[in-house]
Amino acid sequence: MKIRPRINRWTSARRNLINGSSIQSSLVQPHFVVEGDMVNEPILTMPGINRQSVDVLVKTIEKDMEMGITSHMLFPVLKQSDKDPIASKASNLSMPLQKAVKQLKRKFGDEIVVMTDVCLCTATDHGHCGLINESEVVNDLSIPELCRIALSHAECGADYISASDMMDGRVNAIRESLESEGYVNTGIMSYSVKYASAFYGPFRDAADSAPAFNDRSSYQMDTRSDYSEAILEAITDEKEGADIIMVKPAMIYLDVVREVSNSVMRPVAVYNVSGEYSMVLASKPSVEERKKMVCEILHAFKRAGADVIVSYHTREVINNKWLN
Ligand SMILES: [Zn+2]
């Protein structure tokens with residue numbers, strides 16, 4: 001069992017997610033938040049997952065909570081007209097994601113764990129996870145903006161800031177920003193080991209965040225690299241103050257999950273990514289076959305050492321009691 005002692009305030013929902021011995025308590029449901037009213041737009045490449053405005057999202061999560069899904073991850077999806085080169089809208093407290101976090105924490109308080117994606121790619125018009133100078137992502141320019149976004153989420157009550165950008169040194173910078181503003185109980189889930197994977201395609205449709213030029217291989221990890229880089233990234237983020245260490249994608253990097261889990265003391269999360277989700281659906285399995293496939297995958301995550309599992313399968317698994 002891995003415990004993060006720094007956070008003073010361990011709500012039962014937080015404890016359940018991190019220390020829960022069951023797969024069910026480890027699951028986190030992702031959501032995509034858009035502007036507007038009554039928006040509930042299916043994502044064609046990810047059947048079963050919708051883009052939702054805050055009003056619909058809160059109702060959806062209310063139903064999820066009744067079913068026993070207590071951990072939720074929110075991704076902002078910005079209109080093209082809200083994007084600019086410096087992601088200036090990403091830290092705006094009146095944006096849908098910030099409003100959603102506020103409403104969810106007001107409604108469910110300590111019963112819910114809200115994780116929020118902190119990155120620039122959904123708010124930059126070029127679609128990169130950092131700020132650009134002469135077509136290059138500049139690590140050190142990007143960090144102050146990431147800190148501003150993290151603070152805006154913390155102010156709204158997010159339980160965990162999920163730093164997904166892969167800039168070096170951002171965990172330390174975000175931790176210091178949070179501490180200096182008094183957000184000592186806001187955790188950081190760091191995407192420490194994030195590969196430049198071909199399995200993110202459907203997500204980029206969902207979040208409308210594909211890069212306009214080049215790819216993300218200058219800051220995400222080489223899919224051919226060995227364990228040493230993964231372990232180094234994980235240990236570095238742990239030392240910088242990350243509370244949860246993420247490996248992404250999950251299914252095709254289970255060996256890495258095991259190595260990382262053996263190397264860090266903090267809980268390890270896996271992101272069962274959109275391409276992996278679509279793969280299960282691609283064979284059009286019967287409900288019974290789908291249940292068996294999904295349960296087999298989730299058990300593999302646990303066996304590899306995952307303490308937290310972010311998966312688009314969460315809702316169907318818990319609503320249908322597939323693990324019982
Ligand atoms: Zn990004």
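Lys 321 is exposed, since 11 other C-beta atoms lie within 10 Å; a residue counts as exposed with 12 or fewer such neighbours, as buried with 20 or more, and as partly exposed in between, with C-beta atoms placed from the backbone. Lys 321 sits in the segment after α12 (314-319), and its phi is positive, about 50°, although it is not a glycine. Helices here are DSSP runs of H or I with at least four residues, strands are runs of E with at least two, and both are numbered from the N terminus. The model is a predicted one, in which local features need pLDDT of at least 70 and side-chain atom pairs count only at pLDDT 80 or more, while totals for chains, interfaces and linings use all residues. Residues are numbered from 1 along each chain as its sequence is written.

Two other backbone features deserve a look. Most residues other than glycine have a negative phi, and most peptide bonds are trans. Asn 214, not a glycine, has a positive phi of about 55°. Asn 214 belongs to the loop between α7 and α8 and is partly exposed because it has 14 C-beta neighbours inside 10 Å. The peptide bond from Lys 248 to Pro 249 is cis, with omega near -10°, and Pro 249 lies in the loop between β10 (244-248) and α9.

Helix α7 (residues 201-207) holds Asp 205, which is partly exposed because 15 other C-beta atoms lie within 10 Å. Leaving aside neighbours within four places in sequence, Asp 205 is in contact with Ile 43 and Thr 45; contact requires C-beta atoms, placed from the backbone, to lie within 7 Å. Asp 205 and Ile 43 are 162 residues apart along the chain, yet their C-alpha atoms are separated by 7.5 Å.

Next comes a pair of helices. Tyr 227, Ala 230, Ile 231, Ala 234 and Ile 235 in α8 meet Val 256, Glu 259, Val 260 and Ser 263 in α9. By class, this contact of α8 with α9 has seven nonpolar, one polar and one charged residues; Ala, Val, Leu, Ile, Met, Phe, Trp, Tyr, Cys and Pro count as nonpolar, Asp, Glu, Lys and Arg as charged, and the others, Gly among them, as polar.

Finally, the whole protein chain can be considered. It contains 12 helices and 12 strands, and buried residues make up 50% of its 324 residues. The C-alpha trace spans about 50 × 45 × 40 Å along its principal axes.

How values were computed:
Two residues are in contact if their C-beta atoms, placed from the backbone, lie within 7 Å.
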